[in-house]
Amino acid sequence: MTADVWLPIPPEDIEGLPEGPAYRFWNGAEEFPADPAQCAFYVVPYMKPPGLGQRPLPQMTHLEVVQTLSAGTDHVEPGLKHLRPGVRLCNARGVHEASTAELTLTLILASLRGVPDFVRAQDRGEWLGGFRPALADKNVLIVGYGSIGAAIEDRLTPFEVARVARVARSQRTTARGEVHPLTELPALLPEADVVILSTPLTETTRHLVDAGFLARMKDGALLVNVARGGVVDTKALLAELETGRITAALDVTDPEPLPREHPLWRAPGLLISPHVGGPTSAFLPRAERLLVDQLTRYVNREPLRNVILTTGATHT
């Protein structure tokens, strides 16, 4: 039986796909393109509701690889319980770093320099001058120092920040300096002028940013979330923003999409972008390069990149 590969991008649009598999296009349509039981390599549709991407998994009885086109895999992991042991889950490391880092700097600069206020003033025909905070000379803390966190630091460097502190699940040393473990986060928070969240959403990081976390942030600090909405306790953030003590910029929210009447829309000192860190013109060429590389490795039985877990081994 020829192995099927399900792609959310039309296969004829992807140059360089290896010969051998039968390529099927499925981007979340009601009808499946073929029998899911014949699918061996499943690329999850991008920027779709979590339940949609998980829908074919129970029927994919011969599946070998699940490949996401997102850096996070939390939207597909609940569906892995339906799969046989030995299925590899791979993320899209290398696809979203540039776009997400760009947006992170955009949110920081727009928030510090008051760009939302300028836009509203322009609508009123008002010349809104005055001094604003600069990014220069600020202490920045990156919580979640993976490939996206490193890409953010790359782009912070020209802005003459005073210091970048890095936090990840475990301690290590990089070319740029020390990465602190999560256990040291409480001591680092009071020193940071800008706190950037770029961590995966896991049981450890869900509501990592709670009332205690926010209380440790210094007066006037800026919180920027380009990770997942669930990393932040929304009620705790709302309560802190209402005091005016800190400000925030969120590309992701909990819930998401944010309902029209949700109080976050009206919270003072908050800039919201609608989860647009990844979907830019930089996405498609990088996603296609990743898929060609992964599928070439798969066809040639070479080690895959970006394997997050294997069912039956690190996931139950």
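## Helix α8

At 1.5 Å a residue, the 17 residues of helix α8 (residues 283–299) should span 24 Å, and the 24 Å between its end C-alpha atoms agrees with this. The expected span is 1.5 Å times one less than the number of residues. Helices (H or I, at least four residues) and strands (E, at least two) are DSSP runs, numbered from the N terminus. This is a predicted model, in which local features need pLDDT of at least 70, side-chain atom pairs count only at pLDDT 80 or more, and totals for chains, interfaces and linings use all residues. Residues are numbered from 1 along each chain as its sequence is written, and side-chain values use heavy atoms, with hydrogens and water left out.

Buried residues of α8 include F283, A287, L290, L291 and Y298; buried means under 20% relative accessible area, exposed over 50%, and partly exposed in between (1.4 Å probe, protein chains only). The buried residues of this helix pack against β1 (4–7), β2 (22–25), β3 (39–43), β4 (65–67) and β5 (88–90), where contact means heavy atoms within 4.5 Å. Just after α8, R301 takes a positive phi of about 55°.

## The eight-stranded sheet

An open sheet of mixed pairing is formed by eight strands in the order β8-β9-β7-β6-β10-β11-β12-β13; two strands pair if DSSP finds at least two bridges between them. Because β8 (172–174) and β13 (270–272) stand at the edges with a single partner strand each, one side of each is left without a neighbour in the sheet. On average, neighbouring strands of this sheet are turned by 20° against each other, direction ignored.

Strands β7 (residues 163–168) and β9 (residues 177–181) run parallel and are joined by three bridges. The bridge partner of V167 in β9 is H180. Helix α4 (residues 147–156) packs on the sheet, touching β6 (139–143), β7 and β10 (194–197), and its direction makes about 165° with that of β6. Axes are lines fitted to C-alpha atoms, for helices over the stretch in contact, and angles run from 0 to 180 degrees between N-to-C directions.

## I142 and S198

I142 is found in strand β6 and is buried, with a relative accessible area of 0%. S198 lies in the loop between β10 and α6 (211–216) and is also buried, at 12%. The two residues are 56 residues apart in sequence and 7.1 Å apart in space, C-alpha to C-alpha.

Leaving aside neighbours within four places in sequence, the contacts of S198 include I142, G144, I148 and V226. The side chain of S198 reaches the backbone oxygen of G144 at 2.6 Å.

## Nonpolar cores

A nonpolar core is a set of buried Ala, Val, Leu, Ile, Met, Phe, Trp, Tyr and Cys residues joined through side-chain atoms within 4.5 Å. The largest has 32 residues, of which L141, V195, L197, F213 and L223 touch the most other members. Among the elements that give two or more residues to this core are β6, β10 and α6, while α7 gives the most, with four residues.

## Backbone features in loops

The peptide bonds from D254 to P255 and from E256 to P257 are cis, with omega near 10° and near -5° respectively.

M47, in the loop between β3 and α1 (50–54), has a positive phi near 55° and counts as partly exposed at 43% relative accessibility. N306 has a positive phi near 60° and is buried, with a relative accessible area of 18%.

Conventions
Polar contact = N/O pair within 3.5 Å; in protein donor to acceptor, adjacent residues only side chain to side chain.
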